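These are my notebook entries on one protein chain. I set down what I looked up, entry by entry.

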Amino acid sequence: MKTVNLAVLAGDGIGPEIMNQAQSVLRCLKKAGVIDIQIQEALVGGVSIRDSGTAITNSTLDMVKAADAVLFGAVGDYSFDHLPQSQRPEIAILKLRKELELFANIRPIIIFNELVSNSNLKEEVLKDVDFIIVRELTGDIYFGEPRGEKIVKGVRYGFNTMTYSEPEIERIAKVGFKLAEARKKKVTSVDKANVLETMQVWRDVVSRVSESFKDIELQHMYVDNAAMQLISSPAQFDVIVTGNIFGDILSDQASMITGSIGLLPSASLNESLFGLYEPIHGSAPDIAYKNKANPIAMILSTAMMFRHSFERSDLADLIEKAVRLTLEKRVGTLDICKGDWKEIGTDEMGNEVCKELNKLC
Ligand code: IPM
Ligand code: MG
């Protein structure tokens, strides 16, 4: 494998702790001689605001643009909640998504056999659950203009704009249909076309794109119904394609099917498959610096990086297998520990995964 240049942005809260463990996994693979990776690190989010007054500097953006892929931890820090949205830590990830055109966010919902009883859902409901949420990531109400605040007749208003263009919908729909081709051949497009014009355009474009994918079954579902179906019968889904805001909400909800949000990775890709890889959870300030965070989502994000950006599914499989073998040992961080399991910290969890990986390499 040629040397790959990786940008590592650990960010706030639990970000640095879980990123350390992802880096241990990379060191393991490097030691075993299966990869050659150069790493450059930079601050993002609240830590960057403290350091340089901005959530992401131009030099960090340049570093990221020159890299082959990005590993991203988490951003968010309550102490900046008083600032306007454009100056908060979260702007770092939003800027990266927009500037790198990372429009396709892939969030797989993975069930680990050992953790089935952690879910609030009954075991029979979890049977055969295996789906992917494809969330559009650079449009919608997150970026729509106009946005802001105004005072009208002494009353304060906030406003944002939900908007999607046909090309934006078309490209994300294609990602969903292509993924479904290699899976159970079903796409569920989630919208709110019964109320929102933006979402009628969404539905029409997804229907049109589906005509080029004759062997894929397309189902349209309103977002409120989708929220219900995710809990009542999650096994019906294969690939869910949805917009930015609905995808944000539904993917947090879907993570609970698996028992912990600390388990789920994601890939954010552009047209040329350049990718940013991050857990779907946030910075979890309540458990930060306590060696309590689950590093699995970050480690599995690293696996996704090998699969999507470097065409090394073999390495992705290795990492995923090491995680499964670790869970089989009935050890876990606070969020997944139960019954006779042994509770261990972030570092130990990373060590256990590395031990399994060493045996596999
Ligand atoms: C996510 C997060 C982000 C989002 C925040 C941190 C801006 O919740 O990746 O799901 O809303 O997209
Ligand atoms: Mg979110």
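**Conventions.** I work from a predicted model, in which local features need pLDDT of at least 70, side-chain atom pairs count only at pLDDT 80 or more, and totals for chains, interfaces and linings use all residues. Residues are numbered from 1 along each chain as its sequence is written, chains are lettered from A and ligands numbered from 1 in the order in which they are written, and side-chain values use heavy atoms, with hydrogens and water left out.

**Domains.** I looked up the domain assignment and found domain 1 (1-110 + 261-361) and domain 2 (120-257); such bounds come from an automatic or database domain assignment. The centres of domain 1 and domain 2, taken over C-alpha atoms, are 24 Å apart. For contact I use heavy atoms within 4.5 Å. On that basis, 17 residues of domain 1 are in contact with 21 residues of domain 2.

**Largest pocket.** I note the terms before the values. On a 1 Å grid over the protein atoms alone, a pocket is an open set of points where a 1.4 Å probe fits, with protein on both sides within 12 Å along at least five of seven lines; lining residues have an atom within 4 Å of a point. Grid points are joined across faces, edges and corners, and a volume is the space filled by probe spheres set on the points.

The largest pocket has a volume of about 1,200 Å³. I find 41 residues in its lining, with Gln 85, Glu 90, Ile 91, Leu 94 and Tyr 142 nearest its centre. The elements that give two or more residues to this lining are strand E3 (69-74), helix H4 (91-99), strand E6 (148-152), strand E7 (155-159), helix H9 (244-255) and strand E12 (275-279). Helices (H or I, at least four residues) and strands (E, at least two) are DSSP runs, numbered from the N terminus. H4 gives the most, with five residues.

I then sorted the lining by class: Ala, Val, Leu, Ile, Met, Phe, Trp, Tyr, Cys and Pro count as nonpolar, Asp, Glu, Lys and Arg as charged, and the others, Gly among them, as polar. The lining of the largest pocket has 17 nonpolar, ten polar and 14 charged residues. Domain 1 and domain 2 each provide at least three residues of this lining.

**Second largest pocket.** This pocket holds about 470 Å³ of space. Its lining has 21 residues, and Pro 108, Ile 110, Ile 132, Arg 183 and Arg 307 lie nearest its centre. Among the elements that each supply at least two residues are strand E4 (104-109), strand E5 (131-136) and helix H6 (166-181). H10 gives the most, with four residues. By class I record 14 nonpolar, one polar and six charged residues. Here too, domain 1 and domain 2 each provide at least three lining residues.

**Helix H1.** I checked its length: at 1.5 Å a residue, the 17 residues of H1 (residues 15-31) should span 24 Å, and the end C-alpha atoms are 24 Å apart, which agrees. The expected span is 1.5 Å times one less than the number of residues. H1 is mostly covered, with twelve of its 17 residues buried. Buried means under 20% relative accessible area, exposed over 50%, and partly exposed in between (1.4 Å probe, protein chains only). The buried residues of H1 include Glu 17, Gln 21, Gln 23 and Cys 28. Just after H1, Gly 33 has a positive phi of about 80 degrees.

**Lys 192.** Is Lys 192 buried or exposed? Lys 192 counts as buried because its relative accessible area is 17%. I place Lys 192 in the loop between strand E8 (186-191) and helix H7 (197-210). Beyond four places in sequence, its contacts are Met 199, Tyr 222, Val 223, Asp 224 and Phe 246.

**Backbone checks.** Most residues other than glycine have a negative phi, and most peptide bonds are trans. The peptide bond from Glu 145 to Pro 146 is cis, with omega near 0 degrees, and Pro 146 is in the loop between E5 and E6. Leu 273, not a glycine, has a positive phi near 65 degrees. Leu 273 is partly exposed, at 45% relative accessibility, in the loop between strand E11 (265-269) and E12. Arg 330 likewise has a positive phi, of about 60 degrees. I place Arg 330 in the loop between H11 and strand E13 (331-332), partly exposed at 39% relative accessibility.
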